[in-house]
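Open the model in your viewer and keep the selection tool ready.

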Amino acid sequence: MDGSEPGDLVAGAILSGAPVDLQARTVRIYRPAKTATQSGDWHAHHWRMDWDILQKGHRWENPLMGWQSSADFMQGTHLNFKSKEDAVQFAEKQGYEYFVQEPNERRIIPKAYANNFMHSPKKLKKIPTK
């Protein structure tokens with residue numbers, strides 16, 4: 001594929017002259033979960049796209065410190081989008097293979113403290129104190 005084929009969508013990586021390693025990358029599109037220390041959901045309003053880690057042995061151990069080093073320049077890179085459709089359209093335009101990871105929706109069960117003291121016709125609940 002060199003960009004001269006008929007069609008309405010030509011991959012941007014082909015026209016830009018990006019390396020072949022970058023053209024064949026798989027990206028993951030997902031909505032990040034909120035951190036456990038936050039009660040708000042402000043950061044869950046965007047979708048994120050990041051690249052999968054290369055599996056061809058592009059890692060080595062740093063002999064001085066023993067840390068893992070990598071030649072993968074896209075490993076720590078991510079892009080934020082306002083909607084899932086924007087992220088999918090960008091991935092298709094760039095010619096990336098992608099998969100969408102749908103978020104787990106939070107189920108909020110309404111609770112009331114008074115429900116602890118409601119009468120139920122069942123057997124009485126014994127709560128041992130010792």
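Pockets come from a 1 Å grid over the protein atoms alone: a pocket is an open set of points where a 1.4 Å probe fits, with protein on both sides within 12 Å along at least five of seven lines. Points join across faces, edges and corners, and a volume is the space filled by probe spheres set on them. This is a predicted model: local features need pLDDT of at least 70, side-chain atom pairs count only at pLDDT 80 or more, and totals for chains, interfaces and linings use all residues. Residues are numbered from 1 along each chain as its sequence is written, and side-chain values use heavy atoms, without hydrogens or water.

**Stop 1: pocket.** Select N115, F117, H119 and K123, which are among the residues lining the second largest pocket (lining: an atom within 4 Å of a point). The pocket holds about 300 Å³ of space.

**Stop 2: sheet.** Strands are DSSP E runs of at least two residues, helices H or I runs of at least four, numbered from the N terminus. Strands pair if DSSP finds at least two bridges between them. Show the open four-stranded sheet, order β5-β2-β1-β6, with mixed pairing. Its edge strands are β5 (78-81) and β6 (97-101). Now pick β1 (residues 26-30): it runs parallel to β6 over five bridges. I29 sits opposite V100 in β6.

**Stop 3: histidine.** Select H46, in the loop between β1 and β2. Buried or exposed? H46 is buried, because its relative accessible area is 19% and buried means under 20% (1.4 Å probe, protein chains only).

Note on methods. Buried < 20%, exposed > 50% of the residue type's maximum accessible area, 1.4 Å probe, protein only.
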